[in-house]
Amino acid sequence: MKLLNQSLLYLFVPLFVIVSVWAVVFYVNMLDEVYDSIDDGLDNSKLLIIRKSAEDSTVLSRREFAEGNYSIREIGQRNALARKDLYQDTLMYMLNEEEMEPVRLLTTAFERGGKYYELKVINSMVEEDDQIANLLWSVLWLYLLLLGSIALINNLALKKLWQPFYDYLEQLKRYRIDRDEEMNPIETDTKEFLELKKSADILILHSREAYRNQKQFNENAAHELQTPLAVITNKLELLLEDSRLMPENAAVVSQVMDTTARLIQLNRSLLLLSKIENKQFFDNHPVSINQVMRRVEDELEELFLYRNIEISFEEAEEVVANMDAHLAYVLVANLIRNAIFHNIEGGTVRVAFGDRSMTVNNTSSTGELNGSMVFKRFYKADGARKSTGLGLAIVHAICDLYGYKVSYSYEDSHSFRVDF
Amino acid sequence: MKILIVEDEVGLREAIGSSLEKESYRIETASDFDTASEKIFLYEYDCILLDIMLPDGNGLELLAELKKQGKSENVIIISAKNTLDDKLKGLELGADDYLTKPFHLAELNARVKAVLRRNKLDGKEVVEWKNVRLDLNDRQLFVNNQEVQLNRKEFDILNYFLLNQQRLVTRVALAEYVWGDHMDQADNFDFIYSQIKNIRKKLKESAAEIEIETVYGLGYKLVRI
């Protein structure tokens with residue numbers, strides 16, 4: 001969920017509670033004010049009626065409310081003296097509404113000409129249920145209006161405020177450590193973003209430093225190992241050319257030489273592996289895997305003939321991958337060589353393209369291999385062979401680098417599939 | 001023919017030197033950047049073997065300096081670095097070839113000969129010995145002016161031998177030459193052997209005055225009969 005929507009979610013729930021509480025408090029306060037005002041009115045009416053009763057004695061004989069808003073009846077002295085002004089809510093039939101409506105009633109007592117009277121004054125009241133319904137709707141509308149405007153303002157303001165962040169994020173996504181690119185500055189006054197950029201820049205600086213050191217180490221390791229290996233090989237070659245060398249010594253030299261050759265091959269493959277794993281290949285272009293396959297097949301043609309292996313193609317589509325051309329070659333060549341060397345005399349190699357994938361099938365004298373081990377370094381299915389056991393590990397590393405899926409399956413023949 | 005070897009590792013410098021002396025080149029050596037730059041600007045060489053990682057400087061700078069003076073042709077870079085960057089930079093600066101350590105002496109020999117031959121500028125890419133002639137442009141073999149059919153790998157192998165006349169060519173060097181760097185499996189020697197057998201047969205049938213000799217079972221040598 002985007003930050004924008006999350007912040008809205010956090011706003012909406014508390015806002016609902018706040019508006020609701022506010023509505024209740026507002027209602028109670030308002031009602032209180034209304035009662036106060038009505039009671040003041042009743043009090044005023046009381047004084048007017050009592051004063052009027054002094055001038056007009058007919059007032060004293062109003063027994064019913066009828067069209068007026070008060071009624072008077074005579075009461076006993078003791079009763080009257082005990083009276084205090086009493087305000088209360090009651091119901092009364094209203095002609096216009098044709099139902100019982102709430103009214104405010106003031107009951108009081110007064111003395112006129114030595115007699116005591118009870119006076120009741122009424123005033124119509126707010127209709128509480130209507131009032132509550134009105135208020136509820138108002139509150140609901142207010143809530144929706146608030147939500148709408150907050151969402152809108154939030155959207156606009158946050159988008160504007162967060163824009164530098166998204167810009168920077170995009171830069172980070174595109175950033176490649178092996179390219180010596182500087183990060184662009186971001187235009188913002190937001191302290192947090194500036195701090196984020198500062199931290200990220202420092203992180204990048206350190207990573208780049210570490211990457212450079214690693215690369216340097218790789219190259220140094222290559223240099224340090226390759227040069228002594230070159231000395232050994234070349235000295236042995238010179239020794240073998242020496243006419244004073246006895247045949248029995250030559251056999252020993254020959255063994256040392258074969259071992260050195262394996263050592264050299266091993267070192268080269270390990271260097272290639274570490275280069276791939278350090279992501280030092282980024283000269284990516286669209287490469288037609290079909291074409292690479294044709295090239296490899298062409299190069300190995302004589303070997304196919306020699307081992308009497310038949311190669312066939314099923315090219316349902318052209319598979320194009322965006323990758324380093326050299327790595328594409330190594331990937332395909334290693335799979336094909338693997339299919340040749342672990343094949344049988346007169347066997348077959350089938351290569352199929354389709355579904356953005358390449359599948360290499362080969363017959364073999366061995367049964368199913370351990371699928372979880374086959375791509376591991378130094379795994380050798382038939383230990384007698386003098387292979388380095390790194391060919392398929394290199395294939396796996398290349399696929400890892402580009403996010404391709406490489407898998408092994410067995411069904412009468414070995415099958416290696418790469419999904420590009 | 002005068003060749004300068006710029007290499008800081010003494011063992012390698014000596015080995016390359018003795019091997020090239022067998023080809024009757026005159027050899028001079030330099031073990032560091034300063035000596036090398038001095039020699040390069042004082043004398044003329046037909047070919048310079050240049051290690052680009054020197055203790056007191058980068059060989060690429062020497063190359064750039066040579067290029068500025070228009071003398072960068074006939075340089076073969078020898079490097080333990082197998083990075084595309086360096087290779088491209090080196091070739092851009094006018095080097096003729098780039099050889100990654102470790103290499104076989106036979107390979108170095110072949111490269112040096114190729115570079116020197118390119119310099120003759122007579123446009124004819126031909127390798128000849130006795131009554132055997134290899135046309136590199138049309139990839140044809142002639143023995144006594146009669147064409148002999150070779151498959152592609154046989155042609156490459158014979159070419160390699162002709163560039164290393166009377167020198168030991170180990171089967172490891174041959175395998176690498178024929179299959180390239182990343183040939184993982186070492187058990188393709190039997191394939192090399194079968195190709196050699198075919199070439200021998202064809203040379204014999206066409207009455208060539210050269211033959212391929214087996215040396216201690218680990219390599220071969222092209223000799224005259």
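The following legends describe close-up views of a predicted model.

**View 1. An open five-stranded sheet in chain A.** The strands of chain A are arranged in the order S6-S8-S9-S11-S10, with mixed pairing. Strand S6 (310-315) and strand S10 (405-410) of chain A stand at the edges; each has a single partner strand, so one side of each is left without a neighbour in the sheet. From one strand to the next, the twist averages 15 degrees.

**View 2. Strands S8 and S9 of chain A, with the helices that pack on the sheet.** Strand S8 (residues 348-354) and strand S9 (residues 357-362) of chain A run antiparallel and are joined by six bridges. Within this pair, Val351(A) is placed opposite Val360(A) of S9(A). Helix H6 (residues 289-299) of chain A packs on the sheet, where it touches S6, S8 and S9 of chain A. The direction of this helix makes about 165 degrees with that of S6(A). Helix H8 (residues 325-341) of chain A also packs on the sheet, touching S8, S9 and strand S11 (414-419) of chain A. The direction of H8 makes about 20 degrees with that of S9(A).

View 3. Over all chains, the structure holds 31 salt bridges.

**View 4. The contact between the two assigned domains of chain B.** The domain assignment divides chain B into domain 1 (2-118) and domain 2 (126-224), and the C-alpha centres of these domains lie 27 Å apart. In the contact, eleven residues of domain 1 of chain B meet 15 residues of domain 2 of chain B. The two domains of chain B bury about 1000 Å² between them, with 46% of it on carbon and sulfur atoms. Of the area that domain 1 of chain B buries against domain 2 of chain B, His104(B), Ala106(B) and Arg117(B) supply 47%, more than any other three residues.

**View 5. Polar and charged pairs between the domains of chain B.** One salt bridge is counted between domain 1 of chain B and domain 2 of chain B. The side chains of Arg167(B) and Glu23(B) meet in a salt bridge at 2.9 Å, N to O. Seven residue pairs are in polar contact between the two domains of chain B, both residues being at pLDDT 80 or more. Helix H5 (residues 105-118) of chain B gives the largest share of the side of domain 1 that touches domain 2, namely six residues.

**View 6. The interface between chain B and chain A.** Chain B contributes 42 residues to the contact and chain A contributes 48 residues. About 4300 Å² is buried between chain B and chain A, and carbon and sulfur atoms give 57% of that area. The count between the chains is eight salt bridges. Glu301(A) forms a salt bridge with Arg152(B), in which the closest N and O atoms are 3.5 Å apart. A further count gives 15 residue pairs in polar contact between chain B and chain A, both at pLDDT 80 or more. Elements of chain B that each supply at least two residues of the side touching chain A include helix H6 (152-163), strand S12 (168-170) and helix H8 (189-205). H1(B) gives the most to this side of chain B, with six residues.

Definitions and conventions. Residues numbered from 1 in each chain as written. Chains lettered and ligands numbered in written order. Predicted model: local features only at pLDDT ≥ 70, side-chain atom pairs only at ≥ 80, totals over all residues. Heavy atoms only, no water. Pairing = 2+ DSSP bridges. Helix = DSSP H or I, 4+ residues; strand = E, 2+ residues; numbered from the N terminus. Axes fitted to C-alpha atoms, helices over the stretch in contact; angles between N-to-C directions. Contact = heavy atoms within 4.5 Å. Domains from an automatic or database assignment. Buried area = accessible area lost by both parts, 1.4 Å probe. Salt bridge = Lys/Arg side-chain N within 4 Å of Asp/Glu carboxyl O. Polar contact = N/O pair within 3.5 Å; in protein donor to acceptor, adjacent residues only side chain to side chain.
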